[in-house]
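Subject: Structure handover

Hello,

Here is the structure you asked to look at.

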Amino acid sequence: MAITPNFSSSESLSTLANVTFTDTSTGADLTLTTRRIYVRLANGNYLTTDGESTTAAYESWSYADASITLALLTESTTANVTVDWYAGATLTYTKTILTIWDLYDYVFAFELIQSQTATPNIINDQNYYSNFFKFITNIWSAEAAVTYGDDLYSSQSALNVNQNMINNESNYF
C-alpha cells in the first residue's frame, strides 16, 4: 500500500522555541521506518536544534511517533520544510511546505498592547503608533507572502524588519 504524505507544524505559546511537527499522511505503508525533517531558510541555510548549518542538515523523526517537538526557533521564521519518509535507507516519499512561524512577533505585539494599557500616555510618544502599525503590517505581509504568494523571501524580509524593531525596541517604542 501507499501513503499520501503530509504533515503540519505548530508553535508553542508556552515555549516559543518549540515547533511540533505532526504527520497527517493518509493511507498505510508498513515498510516505513523513519522520517527526516529539513528546514531550509531564506538565506539557504538549514535550521536544526543545533542552529543553522550551511550544509544540508536534518532532524530524524521515528515513524513510530505521530509527532515530534523540536526547539528550533529564536525568532519568527519562514522556511521551506521538507519531510522525507524512508523505508530503511530508501527514500520513499517526500513533501515540502512553505511554513511561517511568527509567534515571537505576535507575543511582542501583545506585550506592546499591555504597555499601552499600563502606560496609556505611551501612545503620545512620537512615532509610536506609526511604528506599531508598521510592526503589525509586517506580520500581515509575512503571512500573506506565504499564503497568497508562496514567497519565502518576502515573508522572511518582513519578519527581519520586525526582528530589527524588537532588537532596537527603545528606538521604536
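In which helix do Tyr129 and Phe133 lie, and how many residues apart? Both are in helix α2, four residues apart, which is about one turn of the helix.

Some ground rules. This is a predicted model, in which local features need pLDDT of at least 70 and side-chain atom pairs count only at pLDDT 80 or more, while totals for chains, interfaces and linings use all residues. Residues are numbered from 1 along each chain as its sequence is written, and side-chain values use heavy atoms, with hydrogens and water left out. Helices (DSSP runs of H or I, at least four residues) and strands (runs of E, at least two) are numbered from the N terminus.

Helix α2

Helix α2 covers residues 128-147, 20 residues in total. From first C-alpha to last it reaches 29 Å, close to the expected 28 Å (1.5 Å times one less than the number of residues). Its buried residues (under 20% relative accessible area; exposed is over 50%, partly exposed in between; 1.4 Å probe, protein chains only) include Phe135, Asn138 and Ile139. Among the elements that cover the buried residues of α2 are β10 (77-87), β11 (90-101) and α3 (152-167), where contact means heavy atoms within 4.5 Å.

Aromatic rings

Rings of Phe, Tyr and Trp (its six-membered ring) pair if their centres lie within 6.5 Å; planes under 30 degrees apart count as stacked, over 60 as edge-to-face and the rest as tilted. The count comes to 12 aromatic pairs. Tyr128 and Phe132 are stacked, because their ring centres are 6.3 Å apart and their planes are at 5°. Tyr128 is buried at 1% relative accessible area, and Phe132 is buried at 9%. Tyr129 and Phe133 are also a stacked pair, with centres 5.5 Å apart and planes at 15°. Here Tyr129 is partly exposed at 35%, and Phe133 is partly exposed at 47%. These four residues belong to one aromatic cluster, together with Phe108, Phe135, Tyr172 and Phe173.

Charges over rings

A charge sits over a ring if NZ of Lys or CZ of Arg is within 6 Å of the ring centre and within 35 degrees of the ring normal. Arg35 has its charged end over the ring of Trp61, 4.0 Å from the centre. Arg36 lies over the face of Tyr86, at 4.4 Å from the ring centre.

Helix α3

Helix α3 has 16 residues and reaches 22 Å, close to the 22 Å expected. Its buried residues include Leu152, Ala158 and Met165.

Regards
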